[in-house]
Amino acid sequence: MLTDRRVILRNGVGVIARVLQRRELLLTRIAVDQPTLMVVRRGLKLLRAAGTETVIPAGGAAAIAGGEVFDVVNRPDGGVYAADFLVIDQAVIAGFAVPDAVRPIARALAIPAMAPDFLEAYERARAAVADPAAVPETVAVQRMREVLGWIAHHGGAFPPPVPPAIAQRIRVLVAGDLAAPWRAAEVASQLAMSEATLRRRLAAEGTSLTDLVTETRMAHALMLLQVTDQPVATVAALVGYDSPSRFAARFRQRFGHPPAAIRDQTEPVPAPTPTPTSAPTPAPTRLSA
């Protein structure tokens, strides 16, 4: 089992990481942009969306379609919640022949328990992402498709990609340089449109450039806190905050918890409460397993 505390990307194949969390926290409006297979190793995960709740126990998995937004609860067992995720490259998915009887995953497909052969295929796929020198790309792609075959065996397939919304395109752009100032003129230029068109399209999607930049930084910070052991001050700097205290305040404002609550047991954390209906709804934050 791979236990690296880092995010590993293999272009054209996928991304892997391991999430550790020591407290039960409610994280609201978490967006999963890419098709992901998430396996809970310890504890319990709840995914809530549109009045439904998906429960994934330890030893179970969830295949999550890209472009979905959830409220997420990670519930530790004995003080530890642990989960691995495998993001599958869209090119791999496009090359997989979906059996006729299998339906596209609408939001998330819960797999309460993974068969030993399924788990072995999952581990082999993760190993192929982690060690490109040992696993040729053609073999790595086949391992990912074997995982897709197991998901199909459970009755689901990741739907084909759709053109990303303007907000999603901006999140990808900002993620490439989180510390950049990202003014409207530069973003509009990189997306080959006028500033007026940019503002109009963002308004149509119910967001703004300022909100997207902040949300993308917070999303990356959340991921780093969950999947690495880097100090909070380092995480703050990596997402563009010179001041750790200002970063901590912004993180708490977005998630309702201080950054330290994602990892340690030293700082009291208030019980999660629903977002007041009168408060503005934050834009979704990307990626959490």
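**Exercise 1. Is D84 buried or exposed, and which salt bridge does D84 make?**

Step 1. Start with accessibility: D84 has 0% relative accessibility, so D84 counts as buried. (Buried is under 20% relative accessible area, exposed is over 50%, and partly exposed is in between, with a 1.4 Å probe and protein chains only.) Keep in mind that this is a predicted model, where local features need pLDDT of at least 70 and side-chain atom pairs count only at pLDDT 80 or more, while totals for chains, interfaces and linings use all residues. Residues are numbered from 1 along each chain as its sequence is written, and side-chain values use heavy atoms, with hydrogens and water left out.

Step 2. Now look for a partner: D84 and R41 meet through their side chains in a salt bridge, 2.5 Å from N to O. (A salt bridge is a side-chain nitrogen of Lys or Arg within 4 Å of a carboxyl oxygen of Asp or Glu.)

Step 3. R41 sits in strand β4 (residues 36-42) and D84 in strand β9 (residues 81-88), so the pair ties together parts 43 residues apart in sequence. (Helices, H or I of at least four residues, and strands, E of at least two, are DSSP runs numbered from the N terminus.)

**Exercise 2. Follow R41 to E123, then find the network they belong to.**

Step 1. R41 also forms a salt bridge with E123, whose closest N and O atoms are 2.5 Å apart.

Step 2. E123 lies in helix α2 (residues 116-130) and R41 in strand β4, so this pair ties together parts that are 82 residues apart in sequence.

Step 3. At 18% relative accessibility, E123 counts as buried.

Step 4. The whole structure has nine salt bridges.

**Exercise 3. Which residue forms a salt bridge with E195, and where do the two lie?**

Step 1. The partner is R199, with the closest N and O atoms 3.7 Å apart.

Step 2. Both lie in helix α6, four residues apart, which is about one turn of the helix.

Step 3. E195 has a relative accessible area of 35% and is partly exposed.

**Exercise 4. Describe how α4 packs on α6.**

Step 1. Two packed helices are described by the angle between their axes and the distance between the axes. The axes of α4 (residues 166-175) and α6 (residues 195-204) come within 9 Å and cross at roughly 115°. (Axes are lines fitted to C-alpha atoms, for helices over the stretch in contact, with angles from 0 to 180 degrees between N-to-C directions.)

Step 2. The two helices are therefore roughly perpendicular to each other. (Under 35 degrees is roughly parallel, over 145 roughly antiparallel, 65 to 115 roughly perpendicular, and the rest oblique.)

Step 3. From α4, I166, A167 and I170 meet L198, R201 and L202 of α6. (Contact means heavy atoms within 4.5 Å.)

**Exercise 5. How many residues does the largest nonpolar core have, and what does V187 touch?**

Step 1. The core has 53 residues, and M38, I170, V187, L198, F247 and F251 have the most contacts inside it. (A nonpolar core is a set of buried Ala, Val, Leu, Ile, Met, Phe, Trp, Tyr and Cys residues joined through side-chain atoms within 4.5 Å.)

Step 2. Helix α7 gives the largest share of this core, 10 residues.

Step 3. Setting aside neighbours within four places in sequence, V187 is in contact with I170, L173, W182, L198 and L209.
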